[in-house]
Amino acid sequence: MHKTKRLKKSIVSMLLVLVLVVGQTVAFADTELITRSEASEMYKWDLTDIYESKEAFMKDVKVLEDELFPKYEKYVGKLDNVDTLVELFALDQEASRTLFNAYVYANLSVDLDQTNNDAIEMTSITSGLYGQYLSAQSFVEPEILELDETVIRTFMEDERLADMNMYLSGLLNQKEHILSQEEEKILSLAAEMAGSPRNVFDKVTIADKEQVFIINKDGEEVELTPGVFSQAIEDTDRDYRANAAEVRYSVYEKINNTLAATYEAEIKKNVFFSKARGFDSSIEASLNAESIPQSVYDNLVKSVNGNLDYLHKYYAVRKKALAYDDLYYYDAYVPLTDDYRMEITYDDAATMIATALKPLGEKYVTDFNSGIANQWVDAYEDDNKYTGGYQWGTYDTHPFILMNYDNTLNSALTLAHEMGHAMNSKYSNDTQPYPMADYSIFTAEVASTVNEMLVMDYLIENAKTDEEKLFLVNQQIENIRGTVFVQVMFSEFEKRTHEMVESGEPISPDALNTLWMELLTKYYGSSYTTLEYQKYGWSRIPHFYMNFYVYKYATSMSAAYSIVNRIKAGEENAVEDYLTFLGAGGSDEPINILKAAGVDMNNSEPVDSILIYFGELVDELETLLDEKAASQPNTTVYVVQSGDMLWEIAENYGTTWENLVEINNLLNANLIYGGLELQVPVK
Ligand SMILES: [Zn+2]
């Protein structure tokens, strides 16, 4: 699942965009992986791009502490004067730019080696500085918000504050929901309790989570960790994955009451703050933060509801391919290819991605290649390196991408994704003044998803075998299912549960379980048989504690698809519009920035079109599966008994041992063992 971490700060904000992993398969490459210590310099960050040395870093620390932070004080109580405000903003820009360079430098250093004491010390220095900064400038927003709207509007007309217009209009937007000083004080006291539901959720589902075990394929009892589960759910042994699924859900059955109460507390918190601030509903309060009209949310849900047939058909195709009487939750992830896996080295991935991104024009591809060549990416894993992936940097630095590249398709897609964020950062930093360079979360994932879409498109078009194509088409279907359908189902659940609380309906475990099952049945259709235990599914989703957030996954992917479509169709100015979008940063409301790129999220067209594309992929999947079935001899499964010889089995089924080797992709004909399931011709 995608996570976006934002270092919260009032005047300017910083984005740390982490990897989007939605419903992607876990696949481990066979080839020997390169580690960071073995890799040459071009695969590693050069942090001297930020500071020459720790001494240079410490110099900035001193400037912040001794010169810049103390200056804030003289502006306290004087922000009703435009000249003072101009001076204050200049100070703030200098302070926050310096601070973020130091902050990012320290954190990137520690992520490369989490045992590096120098780096650890620097992160503790910078988090201290960050606290000092927050407190030094804490008077700014409240003071501006206390001014009359007309005064703020006059400020906005001052040329010297042109770069601060978005910031000031954002404050004006908030202003009508800001209360009196006394009331604000009470709200901020209440805010200290507001994190409790999420805290309890984390404790119950992580720290205090019951350990459960399964018997793995080697007959050993192992803990059902998320890693073990994600492999088990894709295993070809149906009983094995059915058991893993049931065991996994048993944990949530036992804490159903607790998690229902926790979630209810979270919703009540959202309702409390939205009412206190005079919003009509908690969804309105949440969307207001990025000025997203509620119609965007409602259209999204409506569009997906109108196109559920495509998802229903996907499960019908799956059910037919697997030849089951009933298709269950634990059959939904098993690969439709025979043990196919794709491997691609980092260098090949970088070249392939650059080729796939050609539709974005020469400038984009040249800048992409120069980012790869200029060590934007720290590519390989190492013992003490942070695991996972993200893109980060500051206004004054080039983008930095952390990866643990492992030769899988997922790794290649992650590189494409993070480079999408990187190019967005680069173009926004190049184009916008500092206060407007930061892009919103709403638009951030568009830049990354456009790249992923183009890469998947390219790979599908250039697949070397039918099996490869089948694998890729199914992967793309799963991407869209996980990013659009699933997230919209979550969005519907969130909206419904908040409405329940807002209208005084009781939120019991039963009510939540029932609602979840209704949605599952509606979304997955009649080819998918729900299991009783799936009703607890809602209770394990951490994103329900980030109210009204997940819909952005679906809107971003839809917007990205629309952009790719425009570009591929050769629409006039499509590439230029997209580059303008990438350079727009936070210079306007997210919805307007997208509109300038030719995507109107107030309209159902972008969402409808990605759903139609999903439908086309499902048709293609069906055709590929039909062709595969027609080309294969009818086979059945024979379970090898200990002592069996392959030639004996072959003779029994009227074939040759060579044929069995081929049908089953056996690496060694002598290595068959009791319990192995062989595909054999039907007698
Ligand atoms: Zn991302």
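**One residue and its surroundings**

Modeller: Leu108 sits in helix H2 (residues 82–112); helices here are DSSP runs of H or I of at least four residues, strands are E runs of at least two, and both are numbered from the N terminus. The model is a predicted one, in which local features need pLDDT of at least 70, side-chain atom pairs count only at pLDDT 80 or more, and totals for chains, interfaces and linings use all residues. Residue numbers start from 1 along each chain as its sequence is written.

Leu108 counts as buried because it has 21 C-beta neighbours inside 10 Å. The cut-off for buried is 20 or more other C-beta atoms within 10 Å of the residue's own, while exposed means 12 or fewer and partly exposed lies in between, with C-beta atoms placed from the backbone. Leaving aside residues up to four places away in sequence, Leu108 touches Trp45, Leu47 and Phe400; a contact requires C-beta atoms, placed from the backbone, within 7 Å. Thr351, 243 residues apart from Leu108 along the chain, has its C-alpha atom 26 Å from that of Leu108.

The largest nonpolar core has 145 residues, and Tyr105, Ile353 and Ala560 have the most contacts inside it. At least three of its residues come from each of domain 1 (45–178) and domain 2 (194–336 + 468–545), with domain bounds taken from an automatic or database domain assignment. A separate second core of 11 residues includes Ala232, Ala245, Tyr249 and Tyr252. A core in this sense is a set of buried Ala, Val, Leu, Ile, Met, Phe, Trp, Tyr and Cys residues joined through C-beta atoms within 7 Å.

Ala560 touches Val446, Thr449, Val450 and Met453, again without residues up to four places away in sequence. As for helix H18 (residues 441–461), 16 of its 21 residues are buried, so H18 is largely enclosed by the rest of the structure. The end C-alpha atoms of H18 are 31 Å apart, in agreement with the 30 Å that its 21 residues should span at 1.5 Å a residue; the expected span is 1.5 Å times one less than the number of residues.

Most residues other than glycine have a negative phi. Phe548, in the loop between helix H20 (509–524) and helix H21 (551–568), has a positive phi near 50° and is buried, with 23 C-beta neighbours inside 10 Å. Asn573, in the loop between H21 and helix H22 (574–582), has a positive phi of about 65°, but it counts as exposed, with 10 C-beta neighbours inside 10 Å.

E8 pairs with strand E9 (residues 677–681) in the antiparallel sense over five bridges, where pairing needs at least two DSSP bridges. In this pair, Thr636 stands opposite Val680. The protein also has a domain 3 (633–681), and the centres of domain 1 and domain 3, taken over C-alpha atoms, are 68 Å apart.

Finally, the whole protein. Its secondary structure comes to 26 helices and nine strands. The radius of gyration is 27 Å, close to the 26 Å that the globule rule gives for 683 residues, so the protein is as compact as a globular protein of that length; the radius is taken over C-alpha atoms, and the rule is 2.2 Å times the number of residues to the power 0.38. Buried residues make up 37% of the 683.

Note on methods
Two residues are in contact if their C-beta atoms, placed from the backbone, lie within 7 Å.
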